[in-house]
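Could you look over the notes below while you have the structure open? They are meant for reading beside the model, point by point.

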Protein chains: 2
Amino acid sequence: MINDSAKISIPNIDNEMKQQLMESGTIKNFKAGDVILQENSYIKTLPIVLQGSLKVLREEEDGKEILLYYIKAGETCVMSFLGGISNDKSKVKAVVEEDSEILLIPIHNAQDWVSKYPSWCDFIFKLYHKRFEELLSVVNAMAFQKIDQRIVELLQKKQQLTGSKEINVTHQQLADELGTAREVVSRLLKQLEREKKIALSRNKITIL
Amino acid sequence: MINDSAKISIPNIDNEMKQQLMESGTIKNFKAGDVILQENSYIKTLPIVLQGSLKVLREEEDGKEILLYYIKAGETCVMSFLGGISNDKSKVKAVVEEDSEILLIPIHNAQDWVSKYPSWCDFIFKLYHKRFEELLSVVNAMAFQKIDQRIVELLQKKQQLTGSKEINVTHQQLADELGTAREVVSRLLKQLEREKKIALSRNKITIL
DNA sequence: TAAGCTATGTGATATTTGTCACTGTTTCGT
DNA sequence: ACGAAACAGTGACAAATATCACATAGCTTA
């Protein structure tokens, strides 16, 4: 049991809290592409990423989507938390970005712990701050940047997330995350290739 | 002093907390148009709106802006709170939307109270949720809606905020809040007038 | 009262992004 | 091995929004 709780590399979470997490939660493995939270579904668990990453998106009825932020190891989905405490359906969709190991905490536990464990409360608060700033960045990019800048920044974000200059992604996936058309992405990537900023191959983009 | 704390119509804030607010804070009156928080300035106080309203915007170096959300009576600016606890400069600008009476709380008090007063912690948390959802709405509108829909929704928001069908606003102000061009707003409003959805006069829009 | 400033409306054009249609290549499944 | 599906690239065109220039009307100030 001690071995297991060592898996939890969350800053500022004390051992007692980690114990609680392990005892209350269930560890599950997911593959890239798995949808672990569907929009408009009720939230039963709070996912804490042990390894890997998730992406959180907003989608419209007609299928259009927009990326909000990524969830890395040591983080959770505050939108799930939000949905849980207001007993509402999820307003976002969470998709596994890289193969992941996730600890699923029953949502009522996550809520109860806020008043019971200061380190948990602090953890949730800090994640709220982080996500809030990330949403501000999304608003900023959409309001003030052209689509070509947004593509470049999205590639940089993916590079940071995986730590690799080789990004496994399709043009369609990038288009989905940016809320634009696949052809727009293909054209802009081709231009970036001409400018020797990236190298393209099928299902893969290499940042130079 | 008891008369004063009665001014604070914040749900779920107990009397002891209200007492603290009144003792620690300073009440000030502001006029519509006053800027009470400039982007890139350090945050010293947390503004709680007693009467009136504020609008919070993001601005770009070249002067372009975008409206994030309104702050009504009984609410505060979580971005100020965020900036205060991370000892950072403000990432937003706050402008008085309607003549307002505001209670200014020293930021260090606001921070200390989170662990000291459960009702304050709850208040801040709930406002975070609210703002988070509002930012999601902004992202949604920008990603999935055309500018004409966004103008209509902005007018509806202003109507809700003031409780009046007569909205005192210029085309330029709407353009600033939406991050678009003044001519675009004038044209769309003119069309809405032709469709008998609004009535236009200088500095005023009446929703029919 | 008149000049100056602000707000609004309009025409024309430019830019950016989106859509449609299609082709070619690569990968996957039977 | 072959056909289907997915992915990528490209041309042409459409739609939405932005920009520029300018005129007119309303309001403020001297």
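1. Basis of the model. This is a predicted model, in which local features need pLDDT of at least 70 and side-chain atom pairs count only at pLDDT 80 or more, while totals for chains, interfaces and linings use all residues. Residues are numbered from 1 along each chain as its sequence is written, chains are lettered from A and ligands numbered from 1 in the order in which they are written, and side-chain values use heavy atoms, with hydrogens and water left out.

2. Extent of the chain interface. Taking contact to mean heavy atoms within 4.5 Å, 31 residues of chain B are in contact with 31 residues of chain A. The two chains bury about 3000 Å² between them, of which 81% is on carbon and sulfur atoms; buried area here is the accessible area (1.4 Å probe) that two parts lose on being put together, summed over both. On the side of chain B, the residues that lose the most area to chain A are F125(B), F132(B) and F144(B), which together make up 25% of what that side buries.

3. The rule finds two salt bridges across the interface of chain B and chain A, a salt bridge being a side-chain nitrogen of Lys or Arg within 4 Å of a carboxyl oxygen of Asp or Glu. The side chains of K91(B) and E133(A) meet in a salt bridge, at 3.8 Å from N to O. Four residue pairs between chain B and chain A, both residues at pLDDT 80 or more, are in polar contact; this term means a pair of N or O atoms within 3.5 Å, where within protein one must be able to donate a hydrogen and the other to accept it, and residues adjacent in sequence count only if both atoms are side-chain atoms.

4. Helices (H or I, at least four residues) and strands (E, at least two) are DSSP runs, numbered from the N terminus. At least two residues each of the side of chain B that touches chain A come from β3 (45-59), β4 (65-71), α3 (78-85) and α5 (118-144) of chain B, and the largest share, 16 residues, is supplied by α5(B). By class, that side has 21 nonpolar, two polar and eight charged residues, where Ala, Val, Leu, Ile, Met, Phe, Trp, Tyr, Cys and Pro count as nonpolar, Asp, Glu, Lys and Arg as charged, and the others, Gly among them, as polar.

5. Symmetry. With copies superposed by least squares on the C-alpha atoms of residues with pLDDT of at least 70 in both, a rotation of 180° with 0.0 Å of shift along its axis places chain B on chain A (RMSD 0.0 Å). The two copies are therefore related as by a two-fold rotation axis, and in chain B the C-alpha nearest the axis, 2.9 Å from it, is that of V139(B). Because 100% of the interface residues of chain B are also interface residues in chain A, the copies meet through the same surface.

6. Domains of chain A. The domain assignment gives domain 1 (2-137) and domain 2 (145-207) in chain A, with bounds that come from an automatic or database domain assignment. Domain 1 of chain A and domain 2 of chain A bury about 890 Å² between them, 56% of it on carbon and sulfur atoms.
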